[in-house]
Amino acid sequence: MGYASIMVAVDAEEGSRDRVRMAGHLADLFGARLIGVAAERPDYGLFTTDPGAGGPDVLPVLHENCLERMRRTEALFAEAAAGRSRLAWRSDLADPLLFLLVQSMAADLVVIGRQARDNPAERFAIAPADAVMQSGRPVLIAPPGLSYCDTTRIAIGWKNTREARRAVADAMPLLCRASRVVVCHVADGSGPDEADNLVRVLEARGIAASAARTKGDGAATAEALVDLACEHAAGLLVTGAYGHSRLSEWAFGGVTRDLLRACPLCCLMSH
């Protein structure tokens, strides 16, 4: 069991370099193909039919500027992924999220970045929340500045829901390779503690697993979960993503929202 293809969202910013390296390390673990994906949509708001403002001549300039940025992005991907023979690159003049969603059909795992906690003004072309909720693929969210995901110890944020069961199934190739897996249950009054049941399921697959528990409430639940994972030296947190569509925008439960916003660990989410 493994991942045959790992896809990474790339842009022209330097932070992408770490993300590509992380995805490359994961691809090496499974002998997987590494696919870089990038897209950019020209800012047609700058286009005008007024001849005095540049008129139709502006359109090819907009396209060429986007193409030049994508050439730089492709060069960054090639440099950061150097030395690997199983590489693929896909790019287009398109909406970045929609392009990723279409291309993710070819991926077993999608790696995407998130903004730095101390830089709320930073904007990613693809919001991690949109990728998690709409791709139908497990998404690994990489914190800024991290170029390696330590998967030898893995924490699972567990409650017995469809999303959490899906996340565990999607992460199984990594769980089977881990030296230790800790099933973390945060008592928040939303359901029974079934961590021991999951431990038995994992042990039946030959996975060394144990349960850990703590208390949390409301907005503190995500922090309690991360603290528990760090207590057990986990380098990866696996969890379900919880949300629902409201007027075409995603509204999240507090735990998912807080993890997407500020989790210091690599976080593998499924919805």
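Residues are termed buried when their relative accessible area is under 20%, exposed when it is over 50%, and partly exposed in between (1.4 Å probe, protein chains only). By this criterion, 47% of the 271 residues of the protein chain count as buried. The structure is a predicted model, in which local features need pLDDT of at least 70 and side-chain atom pairs count only at pLDDT 80 or more, while totals for chains, interfaces and linings use all residues. Residues are numbered from 1 along each chain as its sequence is written, and side-chain values use heavy atoms, with hydrogens and water left out.

The protein chain contains eight helices and twelve strands, taken as DSSP runs (H or I, at least four residues, for helices; E, at least two, for strands) and numbered from the N terminus. Of the contacts (heavy atoms within 4.5 Å) with a separation of 6 or more in the protein chain, 76% join residues 24 or more positions apart.

Nonpolar cores were defined as sets of buried Ala, Val, Leu, Ile, Met, Phe, Trp, Tyr and Cys residues joined through side-chain atoms within 4.5 Å. The largest comprises 45 residues, and I6, L140, I156, L175, V181, L202 and L236 have the most contacts inside it. Helix α5 (residues 162–177) supplies the largest share of this core, seven residues. A second, separate core of 40 residues includes L101, V186, A224 and A234.

Two helix pairs were examined through their axes (lines fitted to C-alpha atoms over the stretch in contact, with angles from 0 to 180 degrees between N-to-C directions). Helix α1 (residues 15–30) packs against α5 at an angle of about 75°, with the axes 12 Å apart. The two helices are therefore roughly perpendicular (65 to 115 degrees; under 35 is roughly parallel, over 145 roughly antiparallel, and the rest oblique). Their contact is made by L26, L29 and F30 of α1 and P173, L174 and R177 of α5.

The axes of helix α7 (residues 220–231) and helix α8 (residues 254–262) come within 7 Å and cross at roughly 60°, and α7 and α8 are therefore oblique to each other. In this contact, T221, A222, L225 and V226 of α7 meet V255, D258 and L259 of α8.

In the loop between α7 and β9 (236–240) lies A233. The phi of A233 is near 60°, a positive value in a residue other than glycine. A233 is partly exposed, with a relative accessible area of 48%.
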